[in-house]
Amino acid sequence: MGASGRCWLWCGRPDVEVTWIGPVCSSGMQADLYSCRSCLYELDQQVLESNIRRDIAALPVTPAPRRP
């Protein structure tokens, strides 16, 4: 079982199993960022979608072949 605490992301639930996901900096201060499993899944999905959009934008544009 992981650490128990408050989810710092969307749900903000207290006393849930949380995972440390890294440090966060805000207004010149730093703290450890913790997330529950559900919010971490949502974050992972957003990161995946962002990378997919970036990869699609980087694809070369090739003209469609001409038909005879």
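Okay, let's start with the charges: a search through the whole structure turns up one salt bridge. Keep in mind that this is a predicted model.

So who are the partners in that salt bridge? They're Arg 54 and Asp 55, and their closest N and O atoms sit 3.6 Å apart. Are these two buried or exposed? Arg 54 has a relative accessibility of 51%, and the cut-off for exposed is over 50%, so Arg 54 counts as exposed. Asp 55 comes out at 44%, so that one is called partly exposed.

Next, helix α1, which covers residues 37-58. Val 47 belongs to that helix, and because its relative accessibility is 44%, Val 47 is partly exposed. Now go from Val 47 to Ala 57: that's ten residues in sequence, and from C-alpha to C-alpha it's 15 Å in space.

On to the strands. β2 takes in residues 16-26 and β3 takes in residues 29-36; they run antiparallel, with eight bridges joining them. If you look across the pair, Trp 20 is opposite Tyr 34 of β3. Two residues lie between the strands in this hairpin, and Ser 27 has a positive phi there, near 55°.

Last stop, the inside. Which residues form the largest nonpolar core? There are five: Cys 7, Val 16, Val 18, Cys 36 and Cys 39. Leaving out residues up to four places away in sequence, Cys 39 touches Cys 7, Leu 9, Trp 10 and Cys 11.

Conventions. Residues are numbered from 1 along each chain as its sequence is written. This is a predicted model: local features need pLDDT of at least 70, side-chain atom pairs count only at pLDDT 80 or more; totals for chains, interfaces and linings use all residues. Side-chain values use heavy atoms; hydrogens and water are left out. Two strands pair if DSSP finds at least two bridges between them. Helices (H or I, at least four residues) and strands (E, at least two) are DSSP runs, numbered from the N terminus. Buried means under 20% relative accessible area, exposed over 50%, partly exposed in between (1.4 Å probe, protein chains only). A nonpolar core is a set of buried Ala, Val, Leu, Ile, Met, Phe, Trp, Tyr and Cys residues joined through side-chain atoms within 4.5 Å. Contact means heavy atoms within 4.5 Å. A salt bridge is a side-chain nitrogen of Lys or Arg within 4 Å of a carboxyl oxygen of Asp or Glu.
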